Amino acid sequence: MAEGRVAHVRSLVAGEPPDVPGQSPLVDWLRRLCRAAVRDLPVTGAGVSLTAEGGVPGVAAASDRTLAALEELQVTVGEGPCIDAFSWHRPVLAADLTDGARTRWPGYAPAALEHGLRAVFALPLQIGAAQLGVLTLYRDRPGALPADDLALALTFAEVAVSTIVDGQALVQPGESAGGLDAALEHRHELYQAQGMVMVQLGVDLGEAMVRLRAYAYRHDRPLGEVAGDVVDGGLRLAADHGR
Amino acid sequence: MPAVAPERLADVFVEVADTLVDDFDLIEFLELVTTRGAELVGAGAAGLLLADHNGQLQFMAGTDEVTRLLELFQVQAREGPCLDCFTSGSPVVNADLSDTGEQWPLFAPRAVDVGFRSVHAIPLRLRGTVIGALNLFSADVGRLRSEDVHVVQALADVATIGLLQERAIHRGEVLAEQLQRALNSRVVIEQAKGAIAQLHGMSVDEAFALLRGYARSRQLRLGDVAQSVVSDPSGIGDLAVS
């Protein structure tokens, strides 16, 4: 069931034509993901903001310019759904920006309304304590996302997470290459291994997952199996491994 | 199995309600619910699973490591009482593991191997939506009566209430927000277990015991301690000397 939905979203993204040349493959891929989200969800815009070293997320890809302007505004005024999703580690679903949002975000809400936004859905891109960014979806009319669409939106976020971790060079659109989402059934071990590699290599959690993933890819082994070996103590990633 | 004494029942519900203060730790709360659920009906072990946005069940809390592995095995094998209960929304009661080989050809022998004879699964429900399930394992043949099922269902309902935290959840969006937060908080615990295990050369279970002991002795929230461990591993050294 889970694999089916992830594969579905991957194929939707792969179905979007590549962007203008000269972009980094990751940014290109995230832009296609944003466009696929707009096409397949009842939203009018989508954007991915990525975390710079320990800081607040900055826009990496967006379906249009409005979002970029609004994300910048959030950073300037220090409030907004994207910032809340990031600090609370959970989705922030504002189905109507005229309803309560003005008191919640007195600086952001009026500006967003002025740009023609009525509903904003900010989904954190994270793996536990590793915060990679936020996927923001918005639309020009009020209303909550129906349950099915919300589940699909969360799958878009899930696919964005594995894309960011898997790295631009490793994965072609539409191909999961035994990546993060293939390790579904070993997730707990994967997270434990992530914590272990973080300490082994003295890197942050996000980087630890990238190293694990890269190791699995280079040795052509399932990620879940590699994680199991790390947790059992048999495998220790060398500092120069994985890149 | 003896009926649950009313005094004991009252104590458990007061204890559980008492943890539902403003700033409670979700994982600690769910661990308490599983532990007390197992004790109340004389089951040896219990585990609690929640569904993610893909309908995939994720382990959230359990009484011990054996149960955790058994729960993960159900998810992996895509069969077992928890999955049946989650899919149907109805409790699975007094399932005899020596007699369920056809129903659960992978799960039943595995559960018998680790010493269980019977299993029960109670849904976590919110107004018609099933969000997860509570599994109870027993080394004896199951003799849960309907009044016992009511008690465990009530406990499962309290778990749902605690999980969702909001008094008036009438919108699906709040459910999704809270569930995602809950699922992610479990991931942070696993990451912290790994970091501590690596630093101190111990098993992940020992690491969890250390993490929990530290949080409890200082009356800190488990999730907060886990978060600070993964944010700044150099601070982990303090955990060992506690």
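Modeller: Gladly, starting with one bridge: in β4(A), the partner of A94(A) is V120(A). This is a predicted model, where local features need pLDDT of at least 70 and side-chain atom pairs count only at pLDDT 80 or more, while totals for chains, interfaces and linings use all residues; side-chain values use heavy atoms, with hydrogens and water left out. Residues are numbered from 1 along each chain as its sequence is written, and chains are lettered from A and ligands numbered from 1 in the order in which they are written.

Colleague: What makes β3(A) and β4(A) a pair of strands?

Modeller: Strands are DSSP runs of E with at least two residues, just as helices are runs of H or I with at least four, both numbered from the N terminus. Two strands pair if DSSP finds at least two bridges between them. Strand β3(A), residues 92-94, has 3 bridges to β4(A) and runs antiparallel to it, so the pair meets the rule.

Colleague: How many bridges join β4(A) to β5(A)?

Modeller: There are 9, again in the antiparallel sense, and one of them links A119(A) with R139(A). The hairpin of these strands has 2 residues between them, and G128(A) takes a positive phi near 60 degrees there.

Colleague: Why is β4(A) called mostly covered?

Modeller: Buried means under 20% relative accessible area, exposed over 50%, and partly exposed in between, with a 1.4 Å probe and protein chains only. By that cut-off, 9 of the 9 residues in β4(A), 119-127, are buried. In a regular strand the side chains alternate between the two faces of the sheet. Here A119(A), F121(A), L123(A), L125(A) and I127(A) are buried on one side, and V120(A), A122(A), P124(A) and Q126(A) on the other, which covers both faces.

Colleague: Is R186(B) buried or exposed?

Modeller: With a relative accessible area of 3%, R186(B) is buried. This arginine lies in α7(B) and has among its contacts H188(A) from the other chain, along with I27(B), E31(B) and F59(B).

Colleague: What makes its link to E190(B) a polar contact?

Modeller: A polar contact is a pair of N or O atoms within 3.5 Å; within protein, one must be able to donate a hydrogen and the other to accept it, and residues adjacent in sequence count only if both atoms are side-chain atoms. The side chains of R186(B) and E190(B) come to 2.8 Å, so the link is inside the limit. The side chain of R186(B) also has a polar atom 2.9 Å from the backbone oxygen of M60(B).

Colleague: How do you know that R90(A) forms a salt bridge with E177(B)?

Modeller: The rule asks for a side-chain nitrogen of Lys or Arg within 4 Å of a carboxyl oxygen of Asp or Glu. For R90(A) and E177(B) the closest N and O atoms are 3.2 Å apart, so the pair qualifies. Across the interface the rule finds 1 salt bridge, while 15 residue pairs are in polar contact, both at pLDDT 80 or more. On chain B, α7(B) gives the most to the side that touches chain A, with 16 residues.

Colleague: And what is the area buried between chain B and chain A?

Modeller: About 3,100 Å², with carbon and sulfur atoms giving 56%; buried area is the accessible area (1.4 Å probe) that two parts lose on being put together, summed over both. In chain B, H53(B), N54(B) and Q198(B) lose the most area, together 22% of what that side buries. The contact involves 32 residues of chain B and 39 of chain A.

Methods. Contact means heavy atoms within 4.5 Å. Lists of a residue's contacts leave out its neighbours within four places in sequence.
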